[in-house]
Amino acid sequence: MSTAPRLTALDALHRSLGATMTDFAGWDMPLRYASERDEHVAVRTKAGLFDLSHMGEITVTGPQAVELLDHALVGNISTVGVGRARYTMICQEDGGILDDLIVYRLGETEYMVVANASNAQIVLDALVARSEGFDAEVRDDRDAYALIAVQGPESPGILKQLTDADLDGLKYYAGLPGTVAGVPALIARTGYTGEDGFELFLKPEHAEGVWKALTEAGAPVGLIPCGLSCRDTLRLEAGMPLYGHELTTALTPFDAGLGRVVKFEKTTNDGRFVGREALEKAAERAETAPPRKLVGLVAEGRRVPRAGFSVVKDGVVIGEVTSGAPSPTLGKPIAIAYVDAAHAAPGTEGVGVDIRGTHEPYEVVALPFYKRQK
Amino acid sequence: MSNPQQLRYTKEHEWLSAAEDGVATVGITEFAANALGDVVYAQLPEVGSTVTAGETCGELESTKSVSDLYSPVTGEVVAANQDVVDDPSLVNTAPFEGGWLFKVRVAGEPDELLSADEYTAFSAG
């Protein structure tokens, strides 16, 4: 098997822009173009352009597509209307999280499942295996799409210049087919930055033209290309979980504080779905013996907590950092951490993070760190 | 990027000025600053402490990672750049000037410091 990294349709463009590239889940992706802090601020205040072509698209079609998805995923996909999208998860039989997903309903019997790059093959294999007995087709569409995101408060104005689609009528977590810069695209009002914005699923051969058109339309209002580094600090400030950090196969959605995505009251398949029994037990456990809670930590000092660092109180380990970074918006280091429920209340005194042997003081806060003004 | 001719360099990407009255200035190169990304925290050696050539004497933290800072020379630290402690982004914007890190009264140098041309070739390789 070749270990050469996969390249997106925009690879040559990234290199011409001087991007620092990084390996991400087997893909060579832009980490940053110049300063990741400037890119972060551009998305918060103006607009940023991302290549997300490494994400894994899987199409599910057929008369029983929705029954298959209700069986395979923890969400109630039956209630997703055409043109809408839903954040959900796929779990193992034991309730462990295989991946978090966005499912778009593109038509009456057509859905697109978007998986994280690092889990795309796992999700594809699971959906194929779970499709047995359903009159539905699972199609690997990872190579069929490039994905470009334009995120930030200026993004509606920028995209309006390039499309006739009714963006004002497009709600958050909705998607509709249209054209952008003269080529067909699925235009979705989704993102991973905490800002308003759009994700554009396109044919790879159209990616470069659309990227350039967006760059041109957005330059006057401050749009700049952005890499994965600022995407991570943006999602961290917005309190959004990242697979491999806040979500793993060792945790159920209830352990991750995301039990609300699990729907036991499904109408299809007599309510049965993969992981149901384990998840019912996990839900009960969460009621009677609260698991570690996901909290925010804000540094008083300037040293940055990283994933895996211990959260401490009175010299005792009470939790673990799952993600940490300096927050450009707050101007201080922040972290997401799993903390014992007894110490998880915002304002809990005396909490620190062990940063290479020193216990640095941190304030416990509720997530998210940042919420945009609507 | 160009590496100033009058400086000497280590393979750990520090630079060292020529000593004036026995005191040399230490910083990290533009190549290292670019590789780190935005520097957000700098822990510099304390004034009065002794640093040893090739050994860790502080750390530089960027958005994505933390890197040890090595001393290119042995000697006593006589100044640490408070401007960098207050505004670590100086390491990115002016690595060879305002972003210097500390000054040391040189007691001994390692043999293998690189010239600007040698370092340019090394960091390009």
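**Entry 1: Glu360(A)**

I looked up Glu360(A) and found that, at 15% relative accessibility, this residue counts as buried (buried means under 20% relative accessible area, exposed over 50%, and partly exposed in between, with a 1.4 Å probe and protein chains only). I kept in mind that this is a predicted model, in which local features need pLDDT of at least 70 and side-chain atom pairs count only at pLDDT 80 or more, while totals for chains, interfaces and linings use all residues. I also noted that residues are numbered from 1 along each chain as its sequence is written, that chains are lettered from A and ligands numbered from 1 in the order in which they are written, and that side-chain values use heavy atoms, with hydrogens and water left out.

I placed Glu360(A) in strand β19 (residues 358–365) of chain A; helices (H or I, at least four residues) and strands (E, at least two) are DSSP runs, numbered from the N terminus. Leaving aside neighbours within four places in sequence, I listed the contacts of Glu360(A) as Arg303(A), Val351(A), Gly352(A), Val353(A) and Ile355(A), where contact means heavy atoms within 4.5 Å. With the side chain of Arg303(A), the side chain of Glu360(A) makes a polar contact at 3.3 Å (a pair of N or O atoms within 3.5 Å; within protein, one must be able to donate a hydrogen and the other to accept it, and residues adjacent in sequence count only if both atoms are side-chain atoms).

I then found Glu360(A) in a network of salt bridges that links Arg303(A), Arg306(A), Arg356(A), Glu360(A), Glu59(B) and Glu61(B). A salt bridge is a side-chain nitrogen of Lys or Arg within 4 Å of a carboxyl oxygen of Asp or Glu.

I noted 24 salt bridges over all chains. Side chains of opposite charge can pair when their charged atoms come close.

Arg15(A) forms a salt bridge with Asp11(A) at 2.7 Å, N to O, and both residues lie in helix α1 (residues 11–16) of chain A, four residues apart, about one turn of the helix. A salt bridge also joins Arg15(A) to Asp28(A), at 2.6 Å, N to O. This second pair links distant parts of the chain, since Asp28(A) sits in strand β2 (residues 27–32) and Arg15(A) in helix α1, 13 residues apart.

**Entry 2: Domains 1 and 3 of chain A**

I read the domain assignment of chain A as domain 1 (10–53 + 145–238), domain 2 (56–142 + 252–271) and domain 3 (293–365); such bounds come from an automatic or database domain assignment. The C-alpha centres of domain 1 and domain 3 lie 31 Å apart, and seven residues of domain 1 are in contact with ten residues of domain 3.

How many salt bridges does the rule find across the interface of domain 1 and domain 3 of chain A? I found zero salt bridges there, but four residue pairs in polar contact, both residues at pLDDT 80 or more. On the side of domain 1 that touches domain 3, α2 (36–45) and α7 (228–237) of chain A each supply at least two residues, and α7(A) gives the most, with four residues.
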